[in-house]
Amino acid sequence: MNGRTESPHVSESKLGRYLTAAPALRKQLIHTQKNPPDPRYLRYPDAAHAITDFLCHGQDESILRRHQHRLATTVFESEYDAHRAQSCIEAIEHYRRLHPGLGLGGLIATTVGDAPPPLQVAGVSIQVRPQVVLQAVDAHGDNQVGLLKLYFSKHHPLDERSGQYIATLLSAFAEQHLAPLGPLDARRMLVVDVFAGRAYSAPRARTRRLCDVRLACEEIAARWAVH
């Protein structure tokens, strides 16, 4: 399947990598965004679903185990689907070990939904797709709001810069769409690199990073027609 679309767009994860990439990888990332894979061949949707289910239903570890068991005991029609299930089992296990250090105990997590509206920057639609909204009540009784985005890649881990760029995009998305829920907490704008075992939060100083995002989007829009 060729999912090619003509309007410039980029996912938040690809944009985070684009902002720290060498020129050859930037070209490749634009090509990938113009020609996305068939959704049937996305590798980690079951892992994302399992972790979201866990976060939104009391953070009971048995939920993760149940999803792993389901994936391990399902008979798949193709070798690809069986391999994908095994990759998801591994991803769930990596997250299970990482979760206690994320400081999410006591937070209320709710799903974001399948198709949140994009951010529009310099003619480019940035598809920001966090898995859950995080909410907590502070010492003054005020609701504090965050987001959590899962990042899955065995071979392309995020570094500090790319992780913070993605977390900054989460923060910008929250400002546009979640402000009615209460004050936003930059510490809880979290990007979790599941296989690398690391989490990144949005820095408080965002002006330079948002400027970098705009410049990158201008570059993507300019190059969209030629790649």
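Trainee: Is Ala-122 buried, partly exposed or exposed?

Mentor: Ala-122 counts as partly exposed, at 25% relative accessibility. The classes rest on relative accessible area: buried is under 20%, exposed is over 50%, and partly exposed is in between, with a 1.4 Å probe and protein chains only. Please keep in mind that this is a predicted model, in which local features need pLDDT of at least 70, side-chain atom pairs count only at pLDDT 80 or more, and totals for chains, interfaces and linings use all residues. Residues are numbered from 1 along each chain as its sequence is written, and side-chain values use heavy atoms, with hydrogens and water left out.

Trainee: Where is Ala-122 found, and what is its phi?

Mentor: Helices (H or I, at least four residues) and strands (E, at least two) are DSSP runs, numbered from the N terminus. Ala-122 is in the loop between strand 3 (119-121) and strand 4 (124-127). Its phi is near 50°, a positive value in a residue other than glycine. Gln-59 also has a positive phi, near 55°, and is not a glycine. Gln-59 belongs to the loop between helix 3 and helix 4 (61-73).

Trainee: Which residues is Leu-107 in contact with?

Mentor: Contact means heavy atoms within 4.5 Å. Neighbours within four places in sequence aside, Leu-107 is in contact with Gln-59, Leu-134, Gln-135, Ala-136 and Arg-188. Leu-107 is located in the loop between helix 5 and strand 2 (108-111), and it is buried, with a relative accessible area of 12%. From Leu-107 to Val-145 the separation is 38 residues in sequence and 9.7 Å in space, C-alpha to C-alpha.

Trainee: How many aromatic pairs does the structure hold?

Mentor: A pair of aromatic rings is described by the distance of the centres and the angle of the planes. Rings of Phe, Tyr and Trp (its six-membered ring) pair if their centres lie within 6.5 Å; planes under 30 degrees apart are stacked, over 60 edge-to-face, and the rest tilted. The structure holds 3 such pairs. One of them joins Tyr-44 and Phe-152, which are stacked at 5.2 Å centre to centre with 15° between the planes. Tyr-44 is in the loop between helix 2 (23-34) and helix 3 (45-56), and Phe-152 in the loop between strand 6 (143-151) and helix 6 (160-177), so the pair ties together parts that are 108 residues apart in sequence. Both Tyr-44 and Phe-152 are buried. Ring pairs link Tyr-44, Phe-152 and Phe-195 into a cluster.

Trainee: Which residues does Ser-87 touch?

Mentor: Not counting residues up to four places away in sequence, Ser-87 touches Arg-43, Tyr-44, Lys-154 and Phe-195. Ser-87 is part of helix 5 and is buried, with a relative accessible area of 2%.

Trainee: At what angle do helix 3 and helix 5 pack?

Mentor: Axes are lines fitted to C-alpha atoms, for helices over the stretch in contact, and angles run from 0 to 180 degrees between N-to-C directions. Helix 3 and helix 5 (residues 79-98) pack at about 35°, and their axes are 8 Å apart. Asp-46, Ala-47, Ala-50, Ile-51, Phe-54 and Leu-55 of helix 3 meet Cys-88, Ala-91, Ile-92 and Tyr-95 of helix 5. By class, this contact has 9 nonpolar, no polar and 1 charged residues. Here Ala, Val, Leu, Ile, Met, Phe, Trp, Tyr, Cys and Pro count as nonpolar, Asp, Glu, Lys and Arg as charged, and the others, Gly among them, as polar.

Trainee: How many disulfides does a search of the whole structure find?

Mentor: A disulfide is a pair of cysteine sulfur atoms within 2.5 Å. The search of the whole structure finds 0. For Cys-211, the nearest cysteine sulfur is that of Cys-217, 11 Å away. Cys-211 is partly exposed, with a relative accessible area of 43%, whereas Cys-217 is buried, at 0%.

Trainee: Where is Thr-168 placed, and which residues does it touch?

Mentor: Thr-168 is in helix 6 and is buried, with a relative accessible area of 0%. Residues up to four places away in sequence not counted, Thr-168 touches Ala-202, Pro-203, Arg-206, Arg-209 and Leu-210.
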